[in-house]
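Here are a few exercises to work through with the model open in your viewer. Try each task before you read its solution.

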Amino acid sequence: MTSSSPADWLAQGQAALQTGDRAAAAQALEQARKHEATRLAAHNLIERHGLPGAFAEWMGVNCEISPQDDIYRFFDGHPTSINPLRDYLADGWRTLAELMLLLESVDRPLLRVASFLEFASGHGRFTRHLAQALGAGKVTVSDVVPDAVQFARDVLGVQGFVSTRESQALAWRGRHEVVFALSLFSHLPRASWGPWLAKLGELVAPGGLLILTTHGAEAARRQQVALDAEGFFFAPSSESTAIDAQDYGTTFTSEGFVRARVAECLPGMALLRFAPTWFWHHQDAVVIHKPA
């Protein structure tokens, strides 16, 4: 092969796949995967066809990534990311480890959970690892972006439903032993923060847990954000390109604000644990129990 253009490498890999020449396809696509413009397309072909060099060979999970994934694009454009594909996939793995340790700390081992709802799931950065650990049949995802839910269903094999912009419009009737909202309440404006907390509380089965994460005091200090008298700050800006920034920006909350909203919006439920900077050494974790 004599081509030096990333687009040509990608085209040659696709052509080799059509003729069944897997060795030539792997060689061409590996070259295409080295370049930003063709990196994700080449990666997905390698993963989809199980070619040599696939991340699935050593991660043991489906490593295909949606082209619409905002979080992948965040890694791909970040100045500190030397290998965006590896960084993105490993970050989901890290999240699984952090969740497992959190659940162990409240005596609720993840592998014993019978029904798990990942709310605001995105395009599966964490979902792929969760489904591998629990089994896809125990996992349900939800996101306000329909393409994200469809990708999780079609590629990762989990159940899923499309969420709504307003909490009161959500009609889902399922109840789950664990409801996990990773980095949702770190993006909600004040008007929807409490209503979504109450709605997610409804989706927890009796005896189950609601787990959410927030940008807390340490995150606010790092970003030099001043919280208001209530312990709240919202800016209409985020990494998402699919959701209006007024509905999904960047939010910081104090521990006092979180505790007050749990007492206000989830009467009868108990805050079992507040763990500062638990996820990614950045976001606080909140574990809330619904009595049986």
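**Exercise 1: counting and placing salt bridges**

How many salt bridges does the structure hold? Then take Arg-48 and work out which residue forms a salt bridge with it.

Solution. This is a predicted model, and it holds 15 salt bridges. Arg-48 pairs up with Glu-64, with 2.8 Å between the closest N and O atoms. Now find the two ends: Arg-48 belongs to helix α3 (residues 39-48), while Glu-64 is in the loop between α4 (56-59) and α5 (70-76), so this bridge ties together parts that are 16 residues apart in sequence. Last step, accessibility. Arg-48 has a relative accessible area of 48%, which makes it partly exposed; the cut-off for exposed is over 50%. Glu-64 comes out at 13% and is buried.

**Exercise 2: salt bridges inside a helix**

Look at the salt bridge of Glu-98 with Arg-94, and at the one of Arg-221 with Glu-218. In which helix does each pair lie?

Solution. Start with Glu-98 and Arg-94, whose closest N and O atoms are 3.0 Å apart. Both residues lie in helix α6 (residues 84-105), and the spacing is four residues, about one turn of the helix. Glu-98 is buried at 12% relative accessible area, whereas Arg-94, at 36%, is partly exposed.

On to the other pair. The side chains of Arg-221 and Glu-218 meet at 2.6 Å, N to O. Helix α10 (residues 217-222) holds both, three residues apart, again about one turn of the helix. Arg-221 is exposed, with a relative accessible area of 54%, and Glu-218 is partly exposed at 24%.

**Exercise 3: a network and a ring**

Which residues are linked with Arg-261 in a network of salt bridges? And over which ring does the charged end of Arg-261 sit?

Solution. First, the network: Arg-261 is linked with Arg-190, Glu-230 and Glu-264. Next, follow the Arg-261 side chain to its charged end, which sits over the ring of Phe-257, 4.8 Å from the ring centre.

**Exercise 4: a strand and its neighbours**

Is strand β9 largely enclosed or open?

Solution. Begin with burial. β9 covers residues 283-289, and six of its seven residues are buried, so the rest of the structure largely encloses this strand.

Then look at the pairing.

**Exercise 5: aromatic pairs**

How many aromatic pairs does the structure hold? Describe the pair of Phe-74 and Phe-75, then the pair of Phe-119 and Trp-196.

Solution. The count is 14 aromatic pairs. Phe-74 and Phe-75 form an edge-to-face pair, with 5.9 Å from centre to centre and 80 degrees between the planes. Phe-74 is partly exposed at 42% relative accessible area, and Phe-75 is buried at 15%.

Compare that with Phe-119 and Trp-196, a tilted pair at 5.3 Å centre to centre, with 50 degrees between the planes. Phe-119 lies in strand β1 (residues 116-119) and Trp-196 in helix α9 (residues 190-202), so this pair ties together parts that are 77 residues apart in sequence. Both Phe-119 and Trp-196 are buried.

To finish, go back to Phe-74 and Phe-75: together with Tyr-72 and Tyr-88 they form one aromatic cluster.

Terms used. Residues numbered from 1 in each chain as written. Predicted model: local features only at pLDDT ≥ 70, side-chain atom pairs only at ≥ 80, totals over all residues. Heavy atoms only, no water. Salt bridge = Lys/Arg side-chain N within 4 Å of Asp/Glu carboxyl O. Buried < 20%, exposed > 50% of the residue type's maximum accessible area, 1.4 Å probe, protein only. Phe/Tyr/Trp six-rings, centres within 6.5 Å; stacked < 30°, edge-to-face > 60°. Lys NZ or Arg CZ within 6 Å of the ring centre and 35° of its normal.
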